[in-house]
Each structure stands twice: as structure tokens, then as C-alpha cells.
Amino acid sequence: MIRYNTQFIDNKDIKQVIKSLKSDLITTGQYVKEFELDLKKKFNSKHCVVLSSGTAALHLSGIALGWNKYSHVITSPITFAATANSALYLNSKLHLVDINLKDYTIDLNCLEKKLKKIRSRSSKNITVIGVDYAGHPCDWESMSFLSKKYKTFLMNDNCHAIGAKFKGNIGYAAKYSDIATQSYHPVKNITTGEGGSVLTNNHELYNKIKNLRSHGIYKNKFTKKKGIHFYDITELGYNFRLSDINCALGISQLKKLDFFISKRNQIASYYLKSFSNLENIFLPQMSNSNNISHAYHLFPVRINFKKLNYSRSDLFRLFNKNNIFPQVHYIPIYMLSLYKNKFRGFSKKLPNSYEFYNNQLSLPLYVNLSFKKLDLISKLVKFFLARE
Ligand SMILES: *Cc1c(COP(=O)(O)O)cnc(C)c1O
């Protein structure tokens, strides 16, 4: 079975996990600390908190940034639901801004228009969440410029782009945003089974998120006055911890990240070359001005189904018959029933994301995808496009 994405686990990963199982603490132990340290080093971030999922990372980031019912959260609709859900957890007002049709990240002109409008109406807490769709970073320099100009917080939903580079820098996520969130779900570029993290250079945000991870429990010099045993809780927290077993896998996976990214780029190059002269298929493009390295979490293609006699479902059926399972990334947030009432008419208001949704699918891309399988996938795509 060929899925759109899957994990790569080797013997070193397995050995490391077994080692963690034999250690004294299997949660809140040394592997958690070590994984956080490794992540900080790899992504050049002052602080890191590992969490039970990327969703937990978004949720706690929202709390740390003070989101409440008066806050505004802006993101693009072509993302996993978790990005938008994080605003709803805290009853904040969600705004959806269209994507650009070049790299499918948030459209900067539309974003500025939206910021102008919200800023003029209120002096409120505004957060922009940029999603590095498919592994292609947003234009973070411009994002940072806009966030300063309109006095907003800036978050990077970095879940797709683990290992990507912006201006040649693998540590761009924490550099340009107030908080970056990552996910280590098995389809992401490295995995811990389930898991996630926040990366930030802001000490105060770090402290808040670290406490919220474990019920809001903290100890400091004031609690010590009430006895060595004493801890306090001032803010309602959660259990969003990640176990040492997961972190052991993460430590071992992170060592392979560069290899994973180069493999993913090889596969992407194969597709790009194989489809380069075909009509009715649009391939992912790289914004060339920012010295970007693509992390290729996904290989999104757009097919001009309107010009063909067959639909996307026909293409899916053809793939499925051959035991290949592509996916659509994503159904725009405003089309989901949970959001429909808040975003009536948005398929017309955000035409790029609607057009994108109607034509998009993600071709399989994972480290262990053999050239034989790649050849089969690309033959099926060519067959489909040429079908009378
Ligand atoms: C995977 C993903 C998440 C959520 O991560 P989980 O670890 O599955 O909770 C959030 N945002 C984006 C863009 C993602 O791809």
C-alpha cells in the first residue's frame, strides 16, 4: 500500500526506544530534556517545550499569547483544521485570508488588507499564524514586517516545514516569529509517534507554556518559602506532556532529518522532471527570492480537471485500484461544517483557495518510496492526463 506519506523507522530508532524503556523514568525524564536540547540546537532556538501533539502546541501558544474572546487570529484556509481550531478553543475570532497560487502560503496583500481593517476597528490582541504549506516557508521577512507595522503577534505553524530553510537558515521559524509550533505525527518529516513542540526565543512565553504543559504547576523562590514540598498553580493547565519513550524516538529521528530532507527533495525532483512538459498539471514552485530549501512534507499538484474528461474522483479510483492512496490537502477550513456558518460565501471571497481545493491532490512522497513505485505513480498520472 502506497500512502501519501509515512514514517521511516530504522534499527537505531528501535534501539533508542528500547533503551528509554529500560531507564528509571519513562516520562518527565532525561530523554525529554535531551530531545528539547537537541531541537534547540538544530533549530537555533533559545527555548523549546515538547508536547503531546502539534495541536497541543498551537493551543498552549494561544493561551501564552493571551487569546480570549476579544482576540483576533488570522490564518489561511488551506491548512489542517488544528490551526484554526486553536482559535476556537479560546473563543477568539478567527479570520481567514486567501493563499497565493505560487507557493500556497498566505497572500501578503490580502493579509495586509485584513490587518488594516482589524487594526482600525480595535486595539486588540491580534495574532497572525503563517502556515509553511507543504514545507515551503512563507515570506517570513515580509510577515515579520507586517506584524511589526500592525502590532500583532506572529506564529509559525511549522508542522510541514521541519528541516526547511528560509534565507538559507534552518532556524528561521523561531527567528522570525514569536512562537513556532511543530508536529511529530508519523506523516510529518520526523516522528515521535504522536508529539509536538513549541520553539521560541521569548523567555516569558516559554515559561508559561512549560507550566501549562503540566497542569500549571510551578515551583519558585516564593513557593519554597512554604516548604520544599510546596508547589503552586495560578493558571489552569493541562496534561500535554510527551513521554520519554516518544522523546527517545525523536532524538534518534532528528539525527536523520538532513538525510530525510535530501531524500524528499530527490523524490520531488523525480516528479518535477517527470511531469515538466505536461499540460494541465501545475507543479509546486519555489519562491526564488528568499533562498529557500523546500522540506517537501507534501508534493501538491493541481490538475486542470475542467479541461479533462475525467474528474479527481476518477483519478483517485485509478490510483486506488493500484493500491496507491493520494490525499487532498486541504478542504478549506470555511467548507467544514464546524466553520460553515461563520464563513458563508467564502468560496467566492477567497477564490484562490477555492480554486486550489478543486484541483489539488498530494502525490505519495516518503523516504522509503522506491523508484519503481515512483515510476508507477508517474506513469499513472501521465496515462490519466492523456486519457481521451
Ligand atoms: C499535523 C499538523 C498539525 C497538528 O499536529 P498534530 O501533532 O497532529 O496535533 C497542525 N497544523 C498543521 C499544518 C499540521 O500539518
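Let's start at the ligand, where a polar backbone atom of Gly54 sits 2.8 Å from one of the ligand's oxygen atoms. The model you are looking at is a predicted one.

| Residue | Atom on the protein side | Distance to a ligand oxygen atom |
|---|---|---|
| Gly54 | polar backbone atom | 2.8 Å |

How much of the ligand does the protein bury? On its own the ligand would expose 380 Å², and 93% of that is buried by the protein. Of the elements, α3 contributes the most, with 3 residues.

Altogether, the ligand is surrounded by 15 residues, and the closest of them include Thr55 and Asp157 along with Gly54, Ser183 and Lys188. Sorted by class, this shell holds 8 polar, 5 nonpolar and 2 charged residues.

Now for a look at how two helices pack. Helix α2, spanning residues 30–42, packs with helix α10, spanning residues 244–254; their axes are 8 Å apart and meet at an angle of about 30 degrees. Angles under 35 degrees count as roughly parallel, so α2 is roughly parallel to α10. As for handedness, the crossing of α2 past α10 is left-handed.

How values were computed:
Residues are numbered from 1 along each chain as its sequence is written. This is a predicted model: local features need pLDDT of at least 70, side-chain atom pairs count only at pLDDT 80 or more; totals for chains, interfaces and linings use all residues. Side-chain values use heavy atoms; hydrogens and water are left out. A residue is near a molecule or strand if one of its heavy atoms lies within 4 Å of it. A polar contact is a pair of N or O atoms within 3.5 Å; within protein, one must be able to donate a hydrogen and the other to accept it, and residues adjacent in sequence count only if both atoms are side-chain atoms. Accessible areas come from the Shrake-Rupley method with a 1.4 Å probe; for residues, only the protein chains shown count as cover. Helices (H or I, at least four residues) and strands (E, at least two) are DSSP runs, numbered from the N terminus. Ala, Val, Leu, Ile, Met, Phe, Trp, Tyr, Cys and Pro count as nonpolar, Asp, Glu, Lys and Arg as charged, and the others, Gly among them, as polar. Axes are lines fitted to C-alpha atoms, for helices over the stretch in contact, and angles run from 0 to 180 degrees between N-to-C directions. Angles under 35 degrees count as roughly parallel, over 145 as roughly antiparallel, 65 to 115 as roughly perpendicular and the rest as oblique. A crossing is left-handed if the near helix is turned anticlockwise from the far one by less than a right angle, and right-handed if clockwise.
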